[in-house]
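Please look through the structure shown below before reading on. The paragraphs that follow lead through several of its parts in turn.

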Amino acid sequence: MTVVDRPGSTAGEQTREPLVSPVASHNELDPLEEVIVGRLDGATIPSSHPVVACNIPPWAARLQGLAAGFAYPRRLIEPAQRELDQFIALLRSLGVTVTRPDAVDHKRRFATPDWSSRGFCNTCPRDGLLVVGDEIIETPMAWPCRYFETHSYRALLKDYFRRGARWTSAPKPQLTDALYEKDFRPPRAGEPMRYLLTEFEPVFDAADFMRAGRDLFVTRSNVTNQLGIEWLRRRLGPAYRVHEIESRCRTPMHIDTTFVLLAPGKVLVNPEYIDVDRLPDVLRSWDVLIAPEPDPIDGRLLTMTSLCGKWLSMNVLMIDEKRVIADRHHTGMLRALEQWGFEPIPCDLLHYAPFGGSFHCATLDVRRRGTLESYFD
């Protein structure tokens, strides 16, 4: 219970008024009521760093290194902005409250005692903020250019906190060279899996987690290490269980192109990255839906996303247990969703890919109508 002083009360007299948190989201499935949607304003090509380069094609990494610190070109921004505006309008037409982070000039340089960087963008609130029930957790992201990204959400976070939400920040990482494997090279096919990150300190992106009530699923990746997973496990305590999903992706980053919860008893998996025989035992009774081969994406620039561009067909947003927003371009996914009993809502967001992803990446569920429960007991 949050205690507030009622105006006019005498000294030492306190009126207890429980605040109903505006933040309440336990899973990816309950009816969506409020969501934060990212911004393209001020988006800047990220400063060169191994943690950025290791998750994009080599040609894109070279181009990124040459253009680091410059604003993204208008020919990328303008179509993405048009699609983003249409997506926001769609959400509002479905009765969803949409809030936005502040616009930021990401070209401004900042520094810690160990390094300096420019920013990136705040297009993907799903990465730096994790909602678990009535709590928002700021995550310790591994990209230096994203170190202060959650500052653009501070007005929202302070408002949610004043109205009754819990607000936590994971330990701010140092992000020194000790966190990154020297001379790292992603493994080739047939080679053992290896990751850029060491276990120097806890780091993780919220987008490497999927929430299913008292159970969370996570992939270790090039932005989430074992210490980060363990930090969240201890922070949540025995009321929650955190299950690791093995990914065969050679440049892993974020779970929502690998393993997506669609409804109670139904999970969508990427057949290229997931061995269904090695899924956690708690999923044995669930229907495992195999994602269809994505429709081809035209244009090399659209593959610059660190999320393996073609599988953004899986990056959908559940409005409730039936309705799901999916990209209009990926007709194979739309047909599959219909065959599985869902009601797909086509929308365009293909040009958002160079800025970090699609519908799931571009949003953060603040409130879904439902209660905390376990799907596996």
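**A guided reading of the model**

Cys 347 is buried, as its relative accessible area is 4%; buried means under 20% relative accessible area, exposed over 50% and partly exposed in between, with a 1.4 Å probe and protein chains only. This is a predicted model, in which local features need pLDDT of at least 70, side-chain atom pairs count only at pLDDT 80 or more, and totals for chains, interfaces and linings use all residues. Residues are numbered from 1 along each chain as its sequence is written, and side-chain values use heavy atoms, with hydrogens and water left out.

The cysteines may be considered next. In general, a disulfide is a covalent bond between the sulfur atoms of two cysteines. Here the term is applied to a pair of cysteine sulfur atoms within 2.5 Å. A search of the whole structure finds 0 disulfides. For Cys 347, which is in no disulfide, the nearest cysteine sulfur belongs to Cys 361 and is 14 Å away. Cys 54 is likewise in no disulfide, and the nearest cysteine sulfur to it, that of Cys 249, is 10 Å away. Cys 54 counts as buried because its relative accessibility is 9%.

Attention now turns to Arg 211. This residue belongs to strand β8, which covers residues 209-212; helices (H or I, at least four residues) and strands (E, at least two) are DSSP runs, numbered from the N terminus. Is Arg 211 buried or exposed? With a relative accessibility of 4%, Arg 211 counts as buried. Leaving aside its neighbours within four places in sequence, Arg 211 is in contact (heavy atoms within 4.5 Å) with residues including Ser 25, Arg 126, Val 131 and Asp 365. Its side chain makes a polar contact with the side chain of Ser 25, at 2.9 Å. A polar contact is a pair of N or O atoms within 3.5 Å; within protein, one must be able to donate a hydrogen and the other to accept it, and residues adjacent in sequence count only if both atoms are side-chain atoms. The side chain of Arg 211 also reaches the backbone oxygen of Val 131, at 3.2 Å.

Most residues other than glycine have a negative phi. Leu 175, although not a glycine, has a positive phi of about 55°. Leu 175 lies in the loop between β7 (166-169) and β8, and it counts as buried because its relative accessibility is 3%. Thr 176 is placed in the loop between β7 and β8 and counts as buried at 17% relative accessibility. Apart from neighbours within four places in sequence, Thr 176 is in contact with Asp 114, Phe 200 and Glu 201. His 254 has a positive phi near 85°; this residue is found in the loop between β10 (241-244) and β11 (259-263), and at 4% relative accessibility it counts as buried.

The last topic is the largest pocket. About 380 Å³ of space lies in it. Of the 25 residues that line this pocket, the closest to its centre are Ser 48, His 49, Pro 50, Asp 177 and Tyr 180. A pocket is found on a 1 Å grid over the protein atoms alone, as an open set of points where a 1.4 Å probe fits, with protein on both sides within 12 Å along at least five of seven lines; lining residues have an atom within 4 Å of a point. The element α1 gives the most to the lining, with 3 residues.

Notes: Grid points are joined across faces, edges and corners, and a volume is the space filled by probe spheres set on the points.
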